Amino acid sequence: MSRTALRICPLCEATCGLTLTVEGTQVIRARGDRDDVFSRGFICPKGASFGAVDSDPDRLRTPLVRRDGELREATWEEAFDAVAAGIRPIVERHGPHAVGVVLGNPNVHTMAGALYPPVLLAGLGTRSVFTASTVDQMPKHVSSGLLFGDANAIPVPDLDRTDHLLLIGANPLESNGSLCTAPDFPGKLKALKARGGTLVVIDPRRTRTAKLADRHIAVRPGTDALLLAAMARVLFDEDLVDPTPHVQGIDELSEALRDFTPEAVAGACDVEAGLIRALARDLAAARTAAVYGRIGSCTVPHGTLASWLVDVLNVLTGNLDRPGGALFPQAATDRTPRPAGPGRGFALGRWHSRVSRHPEAKGELPLSALAEEIDTATEEGEPVRALIAVAANPVLSAPDGDRLDKALDSLDFMVSVDPYLNETSRHAHVVLPPPPPSRSPHHDFAFNTLAVRNQVRYTRPAIPLEPDRMAETEILARLILAVTGMHGADPAAVDHMVIDQTLGKAVQEPHSPVHGGDPRELAGRLTGDTGPERRLDMMLRLGPYGDGFGVRPDGLSLEKLLAHPHGIDLGPLQPRLPQPLKTRSGKVELLPGPIAADLPRLRAALADRPAGLVLVGRRHLRSNNSWMHNVPALTGGSNRCTLHIHPEDAERLGVADGAPVRVRGAGGEVTAPAEVTDTVRRGVVSLPHGWGHNRPGTRLGHAAKNPGVNVNQLLDGRLLDPLSGNAVLNGVPVEVVPQTATETASQAAPSTAPSTAPSAGELGALT
């Protein structure tokens with residue numbers, strides 16, 4: 001007998017509602033939930049394959065513990081005993097910074113990943129923190145922190161009401177949106193055009209999104225900041241500036257951008273000056289407009305400047321914080337809104353990495369620096385001797401995975417929280433596997449802060465946990481206890497501690513609805529079957545739409561949310577300035593000091609003219625980083641690891657369609673089949689991220705049959721955006737040469753040696 005259950009999809013940032021058909025303990029079908037208040041029945045191939053992802057036979061069911069050099073199945077008690085015995089002595093002997101923590105992109109797709117890593121980091125006290133953000137969106141966090149005083153205050157385009165949308169480095173028809181949570185992004189773009197709006201796409205590739213555009217500009221990769229700066233210069237020169245209120249620094253900004261005229265940047269961008277002027281004029285003339293930049297404009301040498309200039313254009317045209325422009329979402333679990341006024345601001349470089357002295361950004365060090373922090377001795381501080389990796393696969397996601405692969409083998413101890421034995425977790429001394437997503441509750445803490453419409457949804461597990469499995473929330477709670485010297489304590493103590501601390505602070509805040517209350521009495525009124533549900537109830541009740549523990553009877557609570565299984569619509573985005581601002585001035589600070597100090601580097605780029613080919617990444621609708629290549633339904637067809645190359649470049653280099661080519665970069669070399677296509681502009685080649693599943697010791701049976709190659713192995717890990725520490729993944733020089741018949745035959749010959757071919761990079765999502 002089958003039954004249906006609701007589930008919010010955790011497989012990309014669109015967060016679509018699903019209706020699952022369940023037989024016994026198996027999801028046999030997934031379709032879009034037509035009653036979902038946000039997604040209205042939309043579903044993509046990933047969501048439709050939820051059951052296949054959920055029941056992948058290569059998912060680990062029980063913990064693994066390394067004994068006599070081999071990972072072997074163990075009980076949960078044995079696994080956490082090993083974690084405590086492995087981590088605590090290192091902390092006590094070498095200090096907390098000797099323990100590194102790596103958080104992967106999937107953390108933002110789970111309740112556990114949102115609720116527990118902050119507690120883990122606070123309990124450990126380590127500064128050796130690395131996440132997928134620094135191979136993805138960290139430039140946007142840094143630019144938002146400098147502009148608005150809050151690194152998480154990221155405005156998103158008001159897709160449903162805008163008249164003019166300019167996308168730069170974004171391909172939402174493949175990504176489903178990123179740093180912009182929008183189910184059915186394709187439908188929203190088509191609706192924009194249907195109501196007479198304009199879509200402009202700036203991208204070196206003619207992507208599916210670019211094909212939909214009214215105007216596609218094939219900019220030279222890596223020059224996004226120059227193009228945007230020139231557009232801002234046009235607005236100043238032609239008296240088209242009509243700025244958003246609550247802004248300071250307009251005159252200073254005009255002077256700082258004086259040299260970036262369309263004529264000055266045209267050669268570097270390979271975009272005609274007249275076209276740049278037209279882009280700026282059309283943006284200014286639109287009734288409402290929004291500029292939105294994504295990974296292609298983040299993972300470049302000037303990623304923070306490009307991210308900053310996206311919002312500068314929104315400010316200068318008066319479209320920041322305006323309906324139809326770019327607005328700040330208000331999530332139901334946001335903290336109680338404080339009164340508008342000056343804040344503490346945002347600081348960079350509060351500490352530095354040990355080896356290369358990279359400055360901290362948002363509490364993190366560059367993921368590209370992880371290998372050297374492990375394998376390089378210096379007189380200053382201890383190297384990373386132990387590593388905790390939670391839903392992270394940096395051997396594939398960071399530049400030069402070969403070096404990191406070797407470095408991980410040298411660790412004294414490593415623990416991975418991961419459902420797979422993959423390219424990174426195979427090095428662990430303990431692997432703690434979370435259950436499939438159907439067995440977990442779901443609420444989008446992070447993505448609702450980026451949603452194009454305010455709403456709130458929560459789904460409980462669709463299928464109960466089997467007796468031999470442990471909830472991901474309990475895994476992380478026990479991990480926190482094991483590494484902070486409280487091994488063996490009740491895991492519920494972690495949730496109790498967070499609730500007590502949060503309510504203790506809330507009752508002391510004058511603007512809080514529970515100001516002056518009794519924290520213990522308030523805690524006793526929380527509802528929910530589990531500690532995570534009680535924490536969600538607390539956040540909802542204290543949040544901007546909450547009932548304030550009875551102060552606002554019509555407000556939100558977990559009980560009310562459970563009564564609305566398809567979610568609660570909280571309405572379109574609304575203007576919120578100046579309330580979200582936490583700058584020291586209490587205003588949008590248009591020309592922060594670190595930005596002004598980095599502009600000379602951008603000015604020097606005016607003379608750049610790459611002589612050879614440059615590399616960009618790409619993604620596919622059926623992929624999300626390196627997660628899904630083990631699912632047959634999501635691989636094959638057009639989802640292949642090929643090198644896209646323009647026909648003219650292919651002819652010049654003697655490259656034939658389908659033939660193997662060697663691609664050389666500063667970080668290494670890979671061999672991939674060529675795919676000759678005019679969807680890339682001349683001078684540009686493209687390899688997808690997320691591939692390279694052929695390292696020994698993994699258990700990814702389907703992925704290993706067609707492993708592809710690691711685009712990140714081509715990259716120089718020392719090349720970073722200096723403000724954010726973000727890796728430069730796009731616009732990097734490469735050399736492409738046809739592989740000879742002898743080389744092809746040599747690679748095809750059988751070998752008794754284990755494969756050590758490089759793996760692929762996961763370039764996107766929140767990070």
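**Close-up 1. Helices α10 and α12 run roughly antiparallel to each other in this predicted model.** Helix α10 covers residues 224-237, and helix α12 covers residues 262-269. The two pack at an angle of about 160°. Angles over 145 degrees count as roughly antiparallel, so α10 and α12 fall in that class. Their axes lie 9 Å apart. The crossing of α10 and α12 is left-handed.

**Close-up 2. Side by side: the residues that join α10 to α12.** From α10 come L226, L227, A230 and V234. They meet P262, V265, A268 and C269 of α12. How many of the residues in this contact of α10 with α12 are nonpolar, polar or charged? Eight are nonpolar; no polar and no charged residues take part.

**Close-up 3. Strands β4 and β5 form a hairpin.** Strand β4 spans residues 64-67, and strand β5 spans residues 70-73. The strands run antiparallel, joined by four bridges. Two residues separate the strands. In the turn, D68 has a positive phi of about 55°.

**Close-up 4. Residues 749-767 have a pLDDT below 50.** The chain as a whole averages a pLDDT of 95, and 96% of its residues score at least 70. Over residues 749-767 the pLDDT is below 50. Beyond near neighbours in sequence, this stretch still has 87 contacts in the model. Where pLDDT is low, predicted coordinates should not be read in detail.

Conventions. Residues are numbered from 1 along each chain as its sequence is written. This is a predicted model: local features need pLDDT of at least 70, side-chain atom pairs count only at pLDDT 80 or more; totals for chains, interfaces and linings use all residues. Side-chain values use heavy atoms; hydrogens and water are left out. pLDDT is the predictor's confidence in each residue, from 0 to 100. Contact means heavy atoms within 4.5 Å. Two strands pair if DSSP finds at least two bridges between them. Axes are lines fitted to C-alpha atoms, for helices over the stretch in contact, and angles run from 0 to 180 degrees between N-to-C directions. Angles under 35 degrees count as roughly parallel, over 145 as roughly antiparallel, 65 to 115 as roughly perpendicular and the rest as oblique. A crossing is left-handed if the near helix is turned anticlockwise from the far one by less than a right angle, and right-handed if clockwise. Ala, Val, Leu, Ile, Met, Phe, Trp, Tyr, Cys and Pro count as nonpolar, Asp, Glu, Lys and Arg as charged, and the others, Gly among them, as polar.
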